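We'll take the annotated domain, then a helix pair, then the aromatic rings.

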Amino acid sequence: MAVEVCVKAAVGAPDTLGDCPFSQRVLLTLEEKKVPYEMKLVDLGNKPEWFLEISPEGKVPVFNSGDGKWIADSDVITQIIEEKFPTPSLVTPPEHASVGSKIFPAFVKFLKSKDASDGSEKALLDELQALDEHLKAHPTVILIPIFSALNLGPYINGENVSAADLSLGPKLFHLQVALEHFKGWKIPENLTSVHAYTNALFSRESFVKTKPATEYLIAGWAPKVNA
């Protein structure tokens, strides 16, 4: 029996995958581990009764590993997936587990900011710089020149993708799309390792399959930006 996962449907398109980075994190984990799953799209603007019965708080993602018990919170869900389906391992060493963890809140603050002097842009740049420095300190040696970043990405833990990347990747995708659309802002070119990292992550088959369309990501952020 395939596992089941409830994720956000696109704003205005309830039959299309939506823009929740935490939902994508769970989908990425399942895809990377080649675990068959049934995806249920939930219109968060019109939550169906069956969904509220399994997720009383009305939040996604929620996950059922096949035992009939629905579990919320992407941190908990991905840990359960790792324990139940240990191969391939996506475990991130503890010393690298928090790399990039402050980028998303810094991005949200800068995206919503209407005061150019509030320091939110610098705070985000500082976090991206820290990620760049970590990646530079943990380079991947590509032995065969014909291989591209598609196969051997410069990930947080080196050559192999891990749970930290699958958590950070969707958030960086939101950052990249939303900041360019709403603020005309891009990650500085001198952060070359961050650019190599996003190119590697966003090119993975799992990411291409589970990412939201750009227009739905923008539609998802618009109410928060314009509030």
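Helices here are DSSP runs of H or I with at least four residues, and strands are runs of E with at least two, numbered from the N terminus. Keep in mind that this is a predicted model. With that in hand, look at residues 10–89, where UniProt, in an unreviewed entry, places the feature "domain: GST N-terminal". That span is 36% helix and 22% strand, and its end C-alpha atoms sit 31 Å apart.

Now move along to helix 6 and helix 7. Their axes are 10 Å apart and they pack at an angle of about 105°. Angles of 65 to 115 degrees count as roughly perpendicular, so that is the label for helix 6 against helix 7. On the helix 6 side, the contact uses Asp165, Leu168, Gly169, Leu172, Phe173 and Gln176, while helix 7 brings in Tyr197, Thr198, Leu201 and Phe202.

Two of those names come back when you turn to the rings. The structure has 10 aromatic pairs, and one of them is Phe173 with Phe202, edge-to-face at 5.4 Å centre to centre and 80° between the planes.

Elsewhere, Phe22, Phe104, Phe107 and Trp221 make up one aromatic cluster.

Note on methods:
Residues are numbered from 1 along each chain as its sequence is written. This is a predicted model: local features need pLDDT of at least 70, side-chain atom pairs count only at pLDDT 80 or more; totals for chains, interfaces and linings use all residues. Side-chain values use heavy atoms; hydrogens and water are left out. Rings of Phe, Tyr and Trp (its six-membered ring) pair if their centres lie within 6.5 Å; planes under 30 degrees apart count as stacked, over 60 as edge-to-face and the rest as tilted. UniProt positions are given in the numbering used here, feature names are shortened, and annotations may be inferred rather than shown by experiment. Axes are lines fitted to C-alpha atoms, for helices over the stretch in contact, and angles run from 0 to 180 degrees between N-to-C directions. Angles under 35 degrees count as roughly parallel, over 145 as roughly antiparallel, 65 to 115 as roughly perpendicular and the rest as oblique. Contact means heavy atoms within 4.5 Å.
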